Amino acid sequence: MGEKKVHYKMYKAGKTWVFAAIATFALFVSAPSVLADEANTAKTDTTAVVAANDDTKDTQTATLSTANQANTADTTAADTKPAADTKNTPEVTAATPVNQGPTQVNEDGYWYLRDSEGKNLTGFQDIKDQNKRVYYDPENAQMQYGQKNIGGSWYLFDKQSGAMKTGVQYITDQNKLVYYNQNGQMQYGNVNINGKNYTANKSSGAIQGNGQVNVAGKWYLFTNNKLKTGWQYISNQRKTVYYDPKTAQMVYGQQYINGKWYFLDKVSGAVKTGFQRIPEQNKTVYYNPSNGQMMYGQQYIGGKWYLFDKSSGAMQKGFQDLSAYGQKKVVYYNQDGHMQYGQQYIAKHWYLFDKSSGAMKTGFQRIADQNKTVYYNEAGQMQYGLQKLSTGTFLFDKSSGAMKVGQQYYNGNWYLFDKNGAMKTGFQRIAEQNKTVYYDENGQMLYGNQEINGKHYYFNESTGAMQANILTFDQKTNKLSYVTKSGALAQDEILDLNGTKVAFDEAGNVLHEAGEANILGHWYLFGENNQVLTGFQKLSGNRTAYYNPKNAQMQYGQQYINGKWYLFDKVNGAMKTGFQRIAEQNKIVYYNEAGQMQYGQQYINGHWYNFDKSSGKMSTGLTYLADQKKTVFYAANGQMQYGIVKVNGTEMYFNKSTGAHERDKDPKVDWRGPSEDKPYPDVNKYPNMWVKVSTTANRVYLMNGNQVLYTMLASTGARGMETPKGTFYIQGERGNHFFNQYSREGANYWVSFKDHGVYLFHSVPVDVNGNYIVKEAEQLGKQSLSHGCIRLSVSDAKWFYQNIKYGTKVVIN
């Protein structure tokens, strides 16, 4: 049989290039005809799928609730007709390039290609500006689509653009995978694709295989050479995958399948379930573990409630209004997407969410475990401070938000709140304080003179208590008024106040002539126009008195005025000056001519005195003046002493000009004899005798209760070796003599009071030969020189050694 061959010759007709077909015939070995069944023409375009090779043959259909379980198409007639012999395929020359002139024309829905003279071009044509090769049917000149048998070979043209397909293509309606070479011709038998050999059915061109097969970088699944699509379970890999029914290729990533979103691993294609992060969409979603479908709305997962967007499936965080999800509530999801409950601190605000439903609470709420009632505004935020609400005004703690009840001090004002927290106004009785007070329209307690509903009242300036049967002073007008038992001011009348007739004008002010007046037991001083005078005032009898600016009453006793202490006579209120004894404080103080208490050193009437810098108390006895770095002595009358003075039985020398103690000029101490010119006390007569030691005065006192029986000169521990302070008891250790090799000193007549032989009472020190060290002995009673022990005169130490009993209490300070 002859084969018709078509060639094209190009020639120029005028300015136009014309193509003419030349038919030739050739002889070839007879072969079965290859026909395409028009009813089995592929209905969809195909695309390649890239994956690794897998020789798995063990496959089965996956069970998923919504997956299409039967997607495999039956073999059509085109699969069973004899295949064209590729060795005897009719020669087809390359399509004629259309460089310029030919134009694509659409008429009645069909595409034609016409040259400049309007003649239809047919056969294979390259549309360069669209980068495609198409085919125009020689019979009707129309662009062709789908599978076409041309010149004994099967071709595939895109159903939309008509572009000729090459490479691996999936014929959906025939459920077969075929391969078209670079000329667009379907291949049969052994086919090499990208360097790998495959077997294509010699009749249908369908690529053969069993199990998972990677073709041109895409994974396909075969069962007995038949392609499988839809959901499939790969048992030996324990994964469920999906093969696109349109391409038969395994799919990856997010996929919208049968109205549901799924997520397939980007490498293995396995269905992913649970929480998955989709970074390119900046969202976290959740896929149902039972069927792999993306979840939406509220979901209870792992004991936690989550919310997923109705449209995108994105896990929601933060505040969310669930009205759109059928629940009239606002809830909160944390950074992990968990619905929150109870009290939560969010963006510097406290919120409360129902412990069961998670609904955000508003209004008054009781926090039982914290024993407080709080208030949340419409935005759910806990409120603090004074809040005006529709039901009244309430006060909430600035820190905890707890609702306050009862009397509350807030921002400098007193308020009153009832048991339900509502602010009270007007007259209110505070029973526990036995007072009636008044709160204005802002809820604030009022003080002093107040006009309320046309009547005048007076409220205590400190407590706010409404006054009755009391004389009051208005600091603004400097006038006195009287509050009757009803709480209202006496107005335009004369009253007998404890035997004193007092007149009041229409405004309630006391009418009185200038001068002193005693009303209800208090002295007042009237000036002109019924005004009351306050502060320091000069009175008859050359006396100065002081009237308190707050109540205008004369003051008595000690008074602290404008940072100074004054003293006023307890009977007539006259200001005191000079030396004054304050019996209740056991001190003598000094007030200058202005009546002010004096402090520090003062030169008065030719004598130096010293007054304590804090209390003003006059100093007596030995006193160290730090600012002058000297020790002086003040006699019992407070006057500084000079020359030789006997102090606590010891003669001391004080400079005749400065009064400073000069140790080197002190008369020598009798460190051998007793400290006092009287007998030592009888210890048997005083069974409770105890010993008191003053480390500052360097004295030892034998005590009976608070009575000093005998005073001994002493020398206690030097700086850095101080005598321990506290309460101790005479221990059992005592002796006639000791010597310390370390200090190279010793002493006679020692008695232990601490650490059993470490801390002692003993005589003035002796050297290694037993001789008394005179230089140190002479400082007895004057200077602290010991190593921590308590030195006594020889006579005092001997008596102490012989008479002080074991267990006697010793107090050192």
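The legends below describe close-up views of a predicted model. Local features need pLDDT of at least 70 and side-chain atom pairs count only at pLDDT 80 or more, while totals for chains, interfaces and linings use all residues. Residues are numbered from 1 along each chain as its sequence is written, and side-chain values use heavy atoms, with hydrogens and water left out.

**View 1. The annotated active site at His762 and Cys789.** The "active site" feature at His762 and Cys789 comes from an unreviewed UniProt entry; UniProt positions follow the numbering used here, feature names are shortened, and annotations may be inferred rather than shown by experiment. The two positions span 28 residues in sequence, yet no two of their C-alpha atoms are more than 7.5 Å apart, so they gather at one spot. His762 belongs to strand β66 (residues 759–763), whereas Cys789 sits in the loop between α2 (774–777) and β67 (790–792). Helices (H or I, at least four residues) and strands (E, at least two) are DSSP runs, numbered from the N terminus. His762 is buried at 5% relative accessibility, and Cys789 is buried at 12% (buried: under 20% relative accessible area; exposed: over 50%; partly exposed: in between; 1.4 Å probe, protein chains only). Leaving aside residues up to four places away in sequence, the contacts of His762 include Trp750, Cys789 and Arg791 (contact: heavy atoms within 4.5 Å). With the same exclusion, those of Cys789 include Ser715, Thr723 and His762.

**View 2. Salt bridges around Arg791.** Glu745, Glu776 and Arg791 are linked in a network of salt bridges (a side-chain nitrogen of Lys or Arg within 4 Å of a carboxyl oxygen of Asp or Glu). The side chains of Arg791 and Glu776 come to 2.6 Å, N to O. Arg791 lies in strand β67 and Glu776 in helix α2, so this pair ties together parts that are 15 residues apart in sequence. Arg791 is buried, at 3% relative accessibility, while Glu776 is partly exposed, at 23%.

**View 3. The salt bridge between Glu280 and Lys266.** The closest N and O atoms of this pair are 3.7 Å apart. Glu280 is in the loop between β23 (274–278) and β24 (283–287), and Lys266 is in the loop between β22 (260–264) and β23, 14 residues apart. Both Glu280 and Lys266 are exposed. A search of the whole structure finds 17 salt bridges.

**View 4. The open sheet β5-β6-β7.** Three strands form this sheet in the order given, with antiparallel pairing (two strands pair if DSSP finds at least two bridges between them). The edge strands β5 (103–107) and β7 (120–121) each pair on one side only. Five bridges join β5 to β6 (residues 110–114). Thr103 has Arg114 of β6 as its bridge partner.

**View 5. Val330 and its surroundings.** Val330 is in strand β28 (residues 330–333) and is partly exposed, with a relative accessible area of 25%. Gln320 is ten residues from Val330 in sequence, and their C-alpha atoms are 5.5 Å apart. Beyond residues up to four places away in sequence, Val330 touches Phe319, Gln320, Asp321, Gly358, Ala359 and Met360.
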